[in-house]
Structures are given as structure tokens and as C-alpha cells.
Amino acid sequence: MELLDMDIDLVRLESSLWVGKKRYRAALTGWHLNWTELDKKNRDKKTVSVPVSEVIGVEEGRVQVLPQRSVAKDTDREFTVFYVKRSSSGSPYGLLWRLGRTQFCCPSRDLRDQWMTQLRIALKTHSPSRPHRLLVFINPFGGRKQGRQIYHSLVAPLFELAGISSHVVVTERANQARDHILKKDLTGFDGVVCVGGDGIFSELLHGVIGRTQQEAGLSEHDPSVTLQSCDLHIGIIPAGSTDCVCFATVGVNDPVTSALHIIIGDSQPLDVCSVHHCSSLVRYSVSLVGYGFYGDVLAESERHRWMGPIRYDYSGAMVYLSNRSYAGVIQYLPADSQLSSPRDNTRCLSGCSVCSKGTERLFPHSPGASSLYSSHFSQFSSDTEGEWVSVEGRFRAVSLTCMSSSCPRSPLGLSPSAHLADGTGDLIIVRDTHPLGFLTFLHRHTSTQDQFDLPFVDVHRVKAVRFSLPTGEEEDRDEEWERVNDGGMTEEGKRPSRSGSHKHLVERGEERGQKDFLCGLCCSKAPTVSVWNCDGEILPHTEISCRQEEARSGGNILANEGAITRVNNRYNSNIK
Ligand SMILES: CCCCCCCCCCCCC/C=C/[C@@H](O)[C@H](CO)NC(=O)CCCCCCCCCCCCCCC
Ligand SMILES: Nc1ncnc2c1ncn2[C@@H]1O[C@H](COP(=O)(O)OP(=O)(O)OP(=O)(O)O)[C@@H](O)[C@H]1O
Ligand SMILES: [Ca+2]
């Protein structure tokens, strides 16, 4: 093996080159492009070394790509190399990536051509996982409504430089991206990319998982089905309001950083949680399934979409001031506590040993290929996993998060030690408490203080969760529905339809549950039920079951991140 590595690492090309007025000795091996400054006596000074896997492109002449493309081809002895450059500035939670650029001048045109050819061959041979053709969905209404501009000014030039061809769809309605992936011919695409927030990411996730199951002839609703692995990677260019999936996987929300990760083919598997109601699939989640506070904030914020990202802070304050708690019965299936715990102070990065161990345990005989795995609830228990546990009471918030769910508002996230791909989620139960206590809990999300170290908060690492209303509450809830809806019923005959005196409050979607909350803000009687927030979408049911689907390490549900894997194994962690 060592011999083979040495063979591959043999120098392919070495020569003197000029960068500006300085003379360098440049060498291209299989894995690296190095250039070392030489002093007047030909002694080595500083060396710059760029892994071939991080070279973005090579162009003839003196070329600039960002902020605007400009080409000076007046000499035939120059070429420009573009590569990933880690910015020393950037966010305290992750490094920004920038497009590095060096213009080399060769002693002859012949040598320039040799450099260009060798670099392009090296790129082809050593970057097998790079995408060549991408399907890009832009949500023009996400976040500050800058998706189109972000893509065309910052991302498209990089894709072009890297030789990636992209087909762009600017969405005209919600769920268009999901339906496109479910129904259209995707032959030739190596991946799908969303430009927007967690909502459009969720559309792509549902499209990709759904399509894969369709093609395999599997029903997503059938709980006995083992979900098929998804071959299409999903990339995220952050242009939304929270961009939690991007932040939690890359460490920063920055379109250029994400575009560079996509170009070099970085990928990170993610846990996916499926949410069922009465044995039928409602949605998948990768981030937050939250009842109480986070459900209420989302429902309230939908009425203030026009405010942009700040709608969450405004709605958060409004909901906090309304001081609500909700009765419920939570049942959860603990995960194996010997493997990890939500309070073990670890931070999950790509290549994380807990995620790899979980994979080995789940798929002991599996080859490296990826797959999604689902199983019956009954199959979840292993020798070291516990039995179902039940908790009944009044809660400020019930949150299940598959990953840390870190975002700029909460840089360490809802559960800082949660893992990206270990097949578990963290259940955070915030029991009813006085307003100051709850404010302390919320405030701790903004710092490094432990939000779980409070007497009214419990956190459990789990494989599955069920939520139901206490006996008797169901009736109260229906009374509440009847009260606010003049007794109208839905076509399913289960709940009142959205009609009557509160219709004015409902602005979008099919979210029947939303009305309970909305009425709670404008009516004198406080609502008895909240709604579920599932990755930023309101669920139409209160009683749900969540279970962890399992992504094998090396899998490819998400291919945006990489902040962490190969890169950080070599250059320390990208998330400090
Ligand atoms: C005193 C300051 C307290 C600050 C508390 C900050 C807590 C922030 C926790 C953020 C957790 C994000 C979880 C991610 C969920 C995503 O899958 C989902 C889809 O994008 N986003 C949301 O649902 C969007 C959810 C957005 C939730 C924002 C909550 C803001 C709370 C503000 C409370 C102010 C109290 C003021 C009292 C006068
Ligand atoms: N053209 C469109 N018109 C209306 N809604 C759309 C359109 N395209 C996508 N959507 C929907 O808009 C919703 C919000 O989109 P997105 O997540 O991109 O932005 P956001 O809500 O501002 O950000 P975040 O989810 O990070 O908070 C999603 O539910 C998505 O399905
Ligand atoms: Ca997890």
C-alpha cells in the first residue's frame, strides 16, 4: 500500500514559475500542487501547498472570477489556478471558505500548456466524487428574497469555473421543487441543489427520498419497509431565514463556502426522522420536531412572513409573553446510553467516531455503500437499549432534534452534543415552569451555558417518540375546535374545517392545527393544544409518532457540508 501511494505521489511536473515579480519552484504531484518562493541564491523560502482535491479550476491567461469575471489573455505564457482558501476571519463557529487565485507566468508557452494539461489530468483522476451536472432550485421568496441574486452573482460563476453545468429552476409555488424531483426525468444529474432555507431543503429531501422509494417499488407509508438508499446528493446554498441544516453541517451560513464544498464533492450523511400519524407517513425531519413553544412561534411567525427573518424573534417574544404550557403524554424509546449521551459534551463533526460506531453496530456486514434504513418500532430495542418510557404532564416545549440544530440564533444549537448521523435524536422536555425560568432556558441557547442544567428540563437520547393528548383533553380540544369554528367539520370528519370567525387569521397552507394557536392569541381562552413544528412546517396532526430512520455513514443524504470530513481531518476542525 505504501509503495502504491509513493508511486501515485511521484512528481508529475516541476519547473520554475513566476508569480508577480517573485520566482518560485512549482511542483505537481498526484495529490498536491506546491510552489516555493526562491531567494536570489535559489534557497527555499515560504511554500504554499494546495491539495489537488481542492483545486477548483485552471484557466489560460490572467483570469478573475469573483466579484466579476475578467480575462486578460494578452500573454501566452500565463495561467491561473483557483482553489479553496480558508479564510482566517469568519464566524467563531466555522471557517469561511474563499476562492483562492494565483496567476503563474511560465518561461515559455510550451511549459504553460504542459502545466495546464497536467493540472487538468490530475483534477480528473483525483476528484472522482465531484459533480458534473446539477439541478438547482431557487426559492425566490426565502429569507430576504435574495436567492436569485445570490445564486447568479456568487455561485453560478464558481460552478462554471469548475466545469459544472447546471439546470436552474426558479420556483413559482411551494412544493414545486419536491414535485419536480418526484416526477421529472433526472437522468444525467449528479445532484440537486437548493438556494433558500430549511423549507426548500425539506422539499428536496422529500423529493429525493420519495423518488428513490418509488423507483424501488416501496411504499413510504408501510412501516415494515426498509427504505432504499438515495443516490442523489443534496447541496444547500443558504438563502433562507434560519438555514439550520446548512449551519449545523458546515458551521457557517455562507453561499461561497457552500458552493465550494459542493464543487469538491464533500458529503455528509444525515439522520432522518420520520413522523407518522395513525400509521401513515406525515413528513420527514432532519432538524426539529417541536411542540409547544417552537410550534407556537412558527404558527405565529407565518402571519408575519413579510417581516423576513426577524419574524421569528418578534413571534418568539410574543409567544414567550403569552406564557403558555400544554398538557400531553410523551413516550420515548431510549437509545443505547453506552454509546453516547446528550450531555457528554462532545461535538459531532464529519468522520465522528460515534457516528461511525453506530453504523458498524447497525450494519455489521455492510460494504462502504450508503443506504437509508428504517425499521419497525418493535425492532428498535437491542440488548442495551431501554424499554419505552412514559412522561405525562404540562410542558412548555417538547423538542426532538436529530442533529444539534445549531443556527446563527443559537450557535451551539438545541442540543449541542447531538450527532449528525448516529441513528438517534435528542428529546428535550421542558416542563411547565415560571416565566423567568423559561427565559433562562431560552437565553442559554445563545451562549455556552448548559440549557439542560435546569431543574425543569430533561434531555434523553432516543430512537423513537410518541406524543398523545391526555385522556379527556381530546374532548377539550374538539370543544375548542368547535368553539372557534362554529362546529364545521373537515372532509375526514375528524376536525372542524378552517371556517367561521377565525378564517381571517389563516394566511397559507393546509395547517389546520395553526388555528388553535392563532385563536389563542386573539381570544380570551388560552388554547389547550399547540401545533407541531417539523423543520419549519406546521404538521396537521397533534398526536404523532416519530422514529429515527438510519443513514449509514458514507451515505449521501446531504452533500453540502464537508466542512468537516476529509478537509478537517487534515486541517483541524472547521467548527471551533
Ligand atoms: C432572550 C433571548 C432568547 C433567545 C432564544 C433563542 C433560541 C433560539 C433557538 C433556535 C432553534 C432553532 C431550531 C431550528 C429549527 C428549524 O428546523 C426551523 C426551520 O428553519 N426553524 C424554526 O422553526 C424557527 C424557529 C425560530 C425560533 C426563534 C425563537 C426566538 C425566541 C425569542 C424569545 C424572546 C424572548 C423575549 C422576552 C421578552
Ligand atoms: N415560489 C414559491 N412561492 C411560495 N412558497 C415557496 C416557493 N418556493 C418554495 N416555497 C416554500 O417557501 C417556504 C419557505 O422557504 P425557505 O425555507 O426557502 O425560506 P425561509 O422560510 O425564509 O427560511 P427557513 O426555512 O430557513 O426559516 C418553504 O415551505 C417552501 O416550500
Ligand atoms: Ca442524530
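Sort the shell around ligand 1 by class and you get eleven nonpolar, eleven polar and four charged residues. Here Ala, Val, Leu, Ile, Met, Phe, Trp, Tyr, Cys and Pro count as nonpolar, Asp, Glu, Lys and Arg as charged, and the others, Gly among them, as polar. This is a predicted model, where local features need pLDDT of at least 70 and side-chain atom pairs count only at pLDDT 80 or more, while totals for chains, interfaces and linings use all residues. Residues are numbered from 1 along each chain as its sequence is written, with chains lettered from A and ligands numbered from 1 in the order in which they are written.

Who sits around ligand 1? Of its 26 residues, Asp 198, Thr 242, Ser 287, Gly 316 and Gly 536 come nearest (a residue is near if its C-beta atom, placed from the backbone, lies within 6 Å). Helix H9 (311-322) gives at least two residues to this shell, and so do H8 (293-302) and H11 (435-444); the largest share, five residues, is from H9. Helices are DSSP runs of H or I, at least four residues, numbered from the N terminus.

Now hop over to ligand 2. It has 21 residues around it, with Gly 142, Gly 196, Gly 197, Gly 199 and Gly 240 the closest. Its shell holds four nonpolar, twelve polar and five charged residues, and helix H5 (residues 198-215) brings the largest share, four residues.

Finally, take a look at Val 195. Skipping neighbours within four places in sequence, Val 195 is in contact (C-beta atoms, placed from the backbone, within 7 Å) with residues including Val 136, Phe 137, Ile 237 and Ala 239.

Technical notes:
Two residues are in contact if their C-beta atoms, placed from the backbone, lie within 7 Å.
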